[in-house]
Amino acid sequence: MSENSIDPSRREFLKIAGMTAAYTGCSSFMFQSCNNESRIESDLTLFEIFKDPDAEARPFFRWWWNGNNVSKEEISRELKIIKEAGAGGVEINPIAMPEEVENPGNGLVWLSNEWCEALAYAVEEARKLGLVTDLIVGTGWPFGGEFIKPEETLQGLTFESVNFSGPGKKSIEIRLPEDEHEKILKIILVPEILKDLNDPLDLTNNISHNGVLSFEIKEGVYTLLTVRWRNKFRTVAYGSPGGSGAVLDHFNQQAVRKYLNNMSEKLLPYFENNLGNGIRSLFCDSIELEGANWTDDMIVSFKNRRGYDVEPYLPFIHINPENTSEQIRDTIRRIRYDFSLTLAEFLLERFIKVYHEWCKENNVLSRYQAYGHPWLYTDMIDGFMVPDIPEGDQWLYNKGWSLAAIDEIRYGIWNKYASSGGNLAGKKIISSEAMTNLRGVFRASLEYIKQATDLNFVAGINHLVLHGYNYFPENTKFPGWIRFGTYFNEHNTWWKFFPLWAEYTSRLSAVFQHSKAISQVAILGPTADVWSDSGLDRNPFNMTPWYLHSIWQALNHNGICSDYINSSIINRSTMVNGKMTFGEMSYSTLLICQVKTIDPITLKKILECRDNGLNVVMIGEKPSLSPGFKDHRERDKEVQQLIEKVLHSGANFIEDPDQENTDPHQGLSDWTKEIIDRFNIEKNISIQPNDAALFFNHRIYQDTNLLFVVNTDREKHINTVLNINDQDKKIWRWYPDSLQREFLSENSGQDLELRLSPLESALLVINEESPGDNSDNLQNVKNHYRELKGNWKVVCRHHIDHTEFNTEIQDLVDMSEFEELKDFSGRISYTIEFDLEKTAYTSIDLGMVYDIAEVSINDTNIGTRWWGKLPLNIPENTLKVEGNTLVIKVYNRLYNYCASLTENPVANRWIEMNRYKSKLPAGLLGPVRLS
């Protein structure tokens, strides 16, 4: 072991003198002058930014105004709680009152004078506290309200099918439209063996006034397909009073503008006609427009954009005839792509850009989530490049679609596309709706939240908007008005330790927000193929090919940072010094993953880039088709000719990894290492060996390189050797929890040994700063241990009802096994007295703890262990030979207690939704050892 690989229990630190310069950035009442697209240059040193994060770097809370049942007094109280917790701001989010709440009273009507006054009051109170305020557009999701006119509501086509066998006369009753919000557009009879798209028989006019459809068929099997149009078919999910009506047609630009203007016109008088006088950004939640695939001008606009009439093909867009020719299947596939592309363009042009421009006009930033359910209504890279603050999302106890998921944390797709789009567009802040949690409320630990936080950071996120803080009055019955989310609340057992997490997160966010991402690989996925085969359904996009959204992680384990891109980025890129460059990002390698369909324009650009030095690697497919229907034969030929030129120019090709025989964690990492070595893919850093639990993020601040390295495993230690390839600089490690800095290496061009304990992260700073005379001489000293055993006095104080239970134990055990403590949630204090033969111990290892431990020895605070398994350092002169007293206060989670509240409708709902129902262990299990 080298001198740079120091066991955490024996670390000595170079302490930094206090630096008092404050960094304020943009205050909450003048955000209209801030530009998120520019990197802030500051006279402050990077360490000052790290030491004193500004409000925008601190975590925000999504602050649900449940039912808009708000008062000024309670607004002030809750904002103070949020400020004291270490947050930097709130996103005010009016939403429906949870159904389980009994007799909540009447709330304010969204956008009423009273509601606007409450909002303005909250914004001003937040400003006084130094908190930033964001505001969601609308209430609930998606945009909508009672005031939306029928012609402005969501539109969609539905497809119903019934099978018949012939020959003979048939009769079927067709459900007639109930009102003006539904129409039957077309009824066709499709033979099982479809030889031509003109073969289906149009029966639209055969339906009688009472809905009976009669027809005669020859021998064979047929499908009767009914195409219906409808609008006003969806209402806002969880809308608060005043905003819970029909959903807006997001493809109707005039309707979108009208909706947005209605909101700003109502708000402006309360902000001196300038929303920037208090509101930083206006937020748009994920686009969940289930069933929306139509708008008034679809036929005309489609023809103008795609060059042909889509109407004759509408019945086939959402079906995949099996017994038909390859030519017909190909035609349907191409028309489906064109239809999907048209919808994606509509959302981008008529909604996202309109919303962004409206925000600019009102002097606020736009914050936007470019994904949704169940369809992805636009290319996410395009969508995430528009707003000032692109935002992804993250879930706890929900691994999402990633085959390489870690401990059921969803972190890798929306976040990675948000950071990729944000990197390409040069955005300063890239945020995540973080810690969304429906299946583990009361179960999530602060350690789990820290683990999820680090996964956000390695995915390129640099700001967290927590999901969330529920508004409920002080005298409300426990657990309060819970609309959604992880229980971020002062009644949580770990709330007093939340500021420790907040400081950790804020300091890292500050460094990441003031630096630029460095990536070496651009990843192009088969979006055109997915749209052609499956339309805008997000599930095929997320899982095609199976490794697409895990390969960025496999690259990362091998020392490479990457971004996802699309054809538009390639088309608009330039080659600089052998790298494909777009905005501030440069890529030495283009990884093309199972792309069969590609535009000839994009392929020409790839050929140009390859001729100028870009490393091109194709996996699984060699493109052979062009997207879309019009002139496809000529364009297909062009693609096939161009791909031969690309391959001849030196592009590389390799087959897909075998899904059946490739573990998505270490197996995919090892497979990726082979292609990195085989095709000379440039790395950010060298990592030996690769490990599927080890992630990193590479950024640069002026001429200082930054590496954030994290062990995401809960149990194992990772020993790794890094080579930063940045000669003649020094390597420091900065600690976001303690603000200490440790000097690691004199020469950054040499191998650096790094040992990370479970869930430990390291911020490595590579610059020219020398340690000076204050540098400690770090030496390896062989440890010896002393396990503390004996009579433990235990006092258990319940967090909610404040009852106490006292006992004495000889052996440390799971306290939830005591009958008296099976439903306990709160603080368990352990006290033991001991003597020593010598006092040369420098750390204390607590062993297994559920879940957070505060430690003091002889009335001296030793520290808090709220994550991982690292020992705590013991200050000099703390221990004595005789008469030492150790006190360990352990705080367990709320789950066991809440699970016992079977008559409490709010608690019972969330306990029933928990993915796991098992009781949680509690207390100190040890062994406790001095070393």
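Hi everyone, let me start with a pair of strands: S29 (residues 730-734) and S32 (residues 761-767) are joined in the antiparallel sense by 5 bridges. Within that pair, Ile731 sits opposite Ile766 of S32.

Before I go on, this is a predicted model, where local features need pLDDT of at least 70, side-chain atom pairs count only at pLDDT 80 or more, and totals for chains, interfaces and linings use all residues. Residues are numbered from 1 along each chain as its sequence is written, and side-chain values use heavy atoms, with hydrogens and water left out.

Now the whole chain. It holds 20 helices and 44 strands. Its radius of gyration is 30 Å, close to the 30 Å that the globule rule gives for 931 residues, so the chain is as compact as a globular protein of that length. That radius is taken over C-alpha atoms, and the rule is 2.2 Å times the number of residues to the power 0.38. Along the principal axes, the C-alpha atoms fill a box of roughly 100 × 70 × 55 Å.

How much of the chain is buried? Of the 931 residues, 62% are, where buried means under 20% relative accessible area, exposed over 50%, and partly exposed in between (1.4 Å probe, protein chains only). As for contacts, meaning heavy atoms within 4.5 Å, 80% of those with a separation of 6 or more come from residues 24 or more positions apart.

Back to our opening strands. They belong to an open, antiparallel sheet of 6 strands, in the order S16-S26-S27-S32-S29-S30. At its edges are S16 (516-517) and S30 (741-745), each pairing on one side only.

Another open sheet has 4 strands, ordered S33-S44-S37-S41, again with antiparallel pairing. Its edge strands, S33 (786-787) and S41 (872-873), have a single partner strand each, so one side of each is left without a neighbour in the sheet. S33 is joined to S44 (residues 929-930) by 2 bridges, and Glu787 has Arg929 as its bridge partner there.

Strand S17 (residues 521-524) gives us parallel pairing: 4 bridges link S17 to S22 (residues 589-593), and 4 bridges link S17 to S18 (residues 562-565). Which residues of S17 point which way? Val521 and Ile523 point one way, Ala522 and Leu524 the other, and all are buried. Leu524 stands opposite Ile592 in S22, while Ala522 has Asp563 of S18 as its bridge partner.

Last, two single residues. Arg333 lies in helix H7 (residues 326-361), and its relative accessibility of 10% makes it count as buried. Beyond its neighbours within four places in sequence, Arg333 has contacts that include Asp529, Asp533 and Lys596.

Trp375 is in the loop between strand S11 (365-368) and helix H8 (380-385). Is Trp375 buried or exposed? With a relative accessible area of 18%, Trp375 is buried. Leaving aside neighbours within four places in sequence, the residues in contact with Trp375 include Ile287, His318, Leu343 and Arg538. Glu288 and Trp375 are 87 residues apart in sequence, yet their C-alpha atoms are 7.4 Å apart in space.

Terms used
Pairing = 2+ DSSP bridges.
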